[in-house]
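Biologist: I have a few labels to check with you. Can you show me the chain before I start asking?

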Amino acid sequence: GSSSAGQSSGIGSAQGRMFTPGAAIQGNRAVSEENTNAPRFNPSASTFVPSSKNPPPVFDIDNMIRNQNRPPIESLGPESRDRLIFLMNSLVEKNMEEKVVVLDQVLDSENTMRWFCEFLVTTRAAQEINLRDLYISVLTSLKESQKLIEYTIAECYDHLRRLLKSDRLSEKVHRDRINNTASLLGYLTIARDKPIRRRDLDLKNLLIEGYQHGKLIAILPLSCKILLAAQRSQAYKKGNPWLESLFSLLREMHKIKELKLNLIFEIEILYKELGRGIDTIEKTSMLSNVEVLDRSSDYKTQSVPKDTGDNNKGNMGRSAANTGA
């Protein structure tokens, strides 16, 4: 669904008054609460140092990408499975129409359709971004296109959730699979003027949690790949509240000191492809009260910079002040 951009609520600078990461983001507002046992930040370290009573929150992807909770897919018989694999292996743009005719015959049950959609997402589209548009053309040409697109979108959510739970986020090949899956999701939803419902994928909260837990290296490109699909949309244009809210958050992230250049470039490419000037986008302050728990993957250096930038005042610097450091 769409949601408008909101401003983070203020937070006092008195001793002991800190943002509690787990209390987190309700809608677009960061909620602060008094907590004298709040986690402490050591400014000389690269990671957040928790108190013994209040350990820092974990990155819970299930709160941001909902498990679709569908019945398990049953294995296909070898004949049906091999036929579907052969059809997809031999698929090219010139023979798409004849392949669609055969696929309509083979996809004769709910389970077969779901198996095909899972295979399409996890085995083909996640590895073959150059064939994304061809796969979408196949899906939209089939007799049961509405149902197959719905199944494929659900598989995208499930696959992204599994990939983001992995401990392989530092591997480029793994991140490429995430980006390719995100791109397919964007072009099946945003490009076709279909919303990404927050109950399925809370993209704004995913970005904020990624910033907090040092996972922007995977989550920021993922988000940009989804949003890039807006270039084919009639509904997701300049002024769309959901889109503008995410653009504003990315504008704030663009100004983070020491953020890796490839992440900055992802944002700049997104704005350029959608014809948006970065200085024309309103910058939020959603991150000003969010404690960074892990810097190891997202920043050029792991130590805390002395100057965190105009949009990042109160982030690491504020937590140190609040703890008397």
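Modeller: Here are the labels, each set against its cut-off.

Biologist: How confident is the predictor in this protein?

Modeller: The model is predicted. Its mean pLDDT is 81, and 75% of the residues reach 70 or more. Residues 1-52 stay under 50, though the model has 133 contacts beyond four places in sequence for them. Residues 304-325 are also below 50, with 52 contacts beyond near neighbours in sequence.

Biologist: Why is Ser-183 called buried?

Modeller: Buried means under 20% relative accessible area. Ser-183 has 5%, so it counts as buried. Ser-183 lies in helix H6, residues 172-188.

Biologist: What makes the pair Ser-183 and Arg-132 a polar contact?

Modeller: The limit for such a pair of N or O atoms is 3.5 Å. The side chains of Ser-183 and Arg-132 are joined at 2.8 Å, within that limit. Leaving aside neighbours within four places in sequence, Ser-183 is in contact with Ile-129, Arg-132 and Lys-225.

Biologist: How do you know how many disulfides there are?

Modeller: Two cysteine sulfur atoms must lie within 2.5 Å. The count by this rule is 0. Take Cys-156. Its closest cysteine sulfur is in Cys-117, 9.5 Å away, so the distance is too far for a bond.

Biologist: Is Cys-156 buried or exposed?

Modeller: Its relative accessible area is 0%, so Cys-156 is buried. Cys-224 is at 1%, and therefore also counts as buried.

Biologist: Why are H8 and H10 called roughly parallel?

Modeller: Helix H8 (residues 216-228) and helix H10 (residues 261-273) pack at about 5 degrees, with axes 9 Å apart. Angles under 35 degrees count as roughly parallel, so H8 is roughly parallel to H10.

Biologist: Which residues meet between H8 and H10?

Modeller: On the H8 side they include Leu-220, Cys-224 and Lys-225. Among those in H10 are Leu-263, Ile-267 and Leu-270.

Methods: Residues numbered from 1 in each chain as written. Predicted model: local features only at pLDDT ≥ 70, side-chain atom pairs only at ≥ 80, totals over all residues. Heavy atoms only, no water. pLDDT = per-residue confidence, 0-100. Contact = heavy atoms within 4.5 Å. Helix = DSSP H or I, 4+ residues; strand = E, 2+ residues; numbered from the N terminus. Buried < 20%, exposed > 50% of the residue type's maximum accessible area, 1.4 Å probe, protein only. Polar contact = N/O pair within 3.5 Å; in protein donor to acceptor, adjacent residues only side chain to side chain. Axes fitted to C-alpha atoms, helices over the stretch in contact; angles between N-to-C directions. Parallel < 35°, antiparallel > 145°, perpendicular 65-115°, else oblique.
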